[in-house]
Amino acid sequence: MSVLAKKLLGIGVGVVIVGVLIGFYVASWATSFPQSVAAVSTRKVAGFSGTQLTLQTVAAIGPKYSPNNPDWVSYLVLDHGKWVHSTVFTVPANSLVHVTVYQYDGDTGLRNPFLAQVQGTIGGTVTVDGKAITSINPEEASHTFAVPQLGLFIPLPGVPEEAKNQCEFAPCLTSEAHRTITFTFRTGAKGRYRWQCFVPCAAGWIDGNGGPMQTLGYMDGFLDVV
Ligand SMILES: [Cu+2]
C-alpha cells in the first residue's frame, strides 16, 4: 500500500468514527424526553369532579435530580407521593383540572405586565395562600404557568427574600418557605399543548432566557390532553 493510500485510509477511518460519535450524540439528545406524569383523579374538587395536578417550582433543581445542571431553576410534579423531575403532564380531554403549585422560588419580575393577570381559569381567579385574586404585582412574579393555546395564564408570586427557612434544592418541603397557588381550568380537545414560564427566571443567562428556559423539563413542557 502506498503512503498516500495509507493516509487516505486513516482519514476515512477517522471520519467514520467521528460520524458515529455524532450519531450517538444526536440519538441520545433526541430520545431524552421527560416521562409523562398523569394527573390524579379526584372525587370532588371545588364542587366538580376532575383531576388533580400537583406541582412545585424550585430555585435550584439540585444534584439529586440534575447532576449536570444542579443550579437550574425548575418545575417538578408529584407522582404517587414522589416528586418527579418532569414537565410533561397527562390530563383528560373536556374535563376540569385542579392544579396546586407549591412555589419555593423568589421574585424575578415579568417584563410584560399583561402576563401578571390571571386568565383562563374557572371563575377567572387563582388562590394565593388561600386568597382569591385576579392579578399579581408584575414585579412579584417568580414564574408563570401558561398554556397559550388554551388561553391559560397563571402568574406565580415569589417567596419574599427575607423569608426564613428557604429551600435550597429540590424536592422542597412544605415546612420550608413557600407560596401555595391553586386554580382550576377546563381542558378541550385531545392534543399536545405546549406550556411554558414567561418570567425570565434563568439566572446567569443572557436576559434570563437561556438554559432552563430553553430546555424541556425545567421551565417548559407539554400538557398531553388525552
Ligand atoms: Cu420560570
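**Before starting**

The structure is a predicted model, in which local features need pLDDT of at least 70 and side-chain atom pairs count only at pLDDT 80 or more, while totals for chains, interfaces and linings use all residues. Residues are numbered from 1 along each chain as its sequence is written.

**The whole chain**

Display the protein chain as C-alpha atoms; along the principal axes they fill a box of roughly 85 × 40 × 35 Å. The chain contains 1 helix and 14 strands; helices (H or I, at least four residues) and strands (E, at least two) are DSSP runs, numbered from the N terminus. Of its 226 residues, 38% count as buried. A residue is buried if 20 or more other C-beta atoms lie within 10 Å of its own, exposed if 12 or fewer, and partly exposed in between, with C-beta atoms placed from the backbone.

Next, colour residues 1–32 as domain 1 and residues 36–225 as domain 2; these bounds come from an automatic or database domain assignment. The C-alpha centres of the two domains are 44 Å apart.

**The nonpolar core**

Select V58, V73 and I154, the residues with the most contacts inside the largest nonpolar core, which has 56 residues. Such a core is a set of buried Ala, Val, Leu, Ile, Met, Phe, Trp, Tyr and Cys residues joined through C-beta atoms within 7 Å. Strand β7 (residues 96–103) supplies the largest share of this core, 5 residues.

Now centre on V58. Setting aside residues up to four places away in sequence, V58 touches V73, S74, L76, Y104, D105, C167, A170 and C172. Two residues are in contact if their C-beta atoms, placed from the backbone, lie within 7 Å.

**Strand β14 and its partners**

Select β14 (220–225) together with β13 (191–196). These two strands pair in the antiparallel sense over 6 bridges; pairing requires that DSSP finds at least two bridges between the strands.

**M219**

Which loop holds M219? M219 is found in the loop between β13 and β14. M219 is buried because 27 other C-beta atoms lie within 10 Å. Beyond its neighbours within four places in sequence, M219 is in contact with V73, Y75, Q196, C197, C201, P212 and M213. To check one of these, draw a C-alpha to C-alpha distance from M219 to C201: the two are 8.7 Å apart in space and 18 residues apart in sequence.

**Backbone geometry**

Most residues other than glycine have a negative phi, and most peptide bonds are trans. The remaining stops concern departures from that pattern.

Select A170 and P171, which are joined by a cis peptide bond with omega of about -5°. P171 is placed in the loop between β11 (152–157) and β12 (179–186). The loop between β11 and β12 also contains N165, a residue with a positive phi near 60°. Is N165 buried or exposed? N165 counts as exposed because 10 C-beta neighbours lie inside 10 Å.

Finally, move to H80, in the loop between β4 (74–79) and β5 (82–84). The phi of H80 is positive, near 50°. H80 counts as exposed, with 8 C-beta neighbours inside 10 Å.
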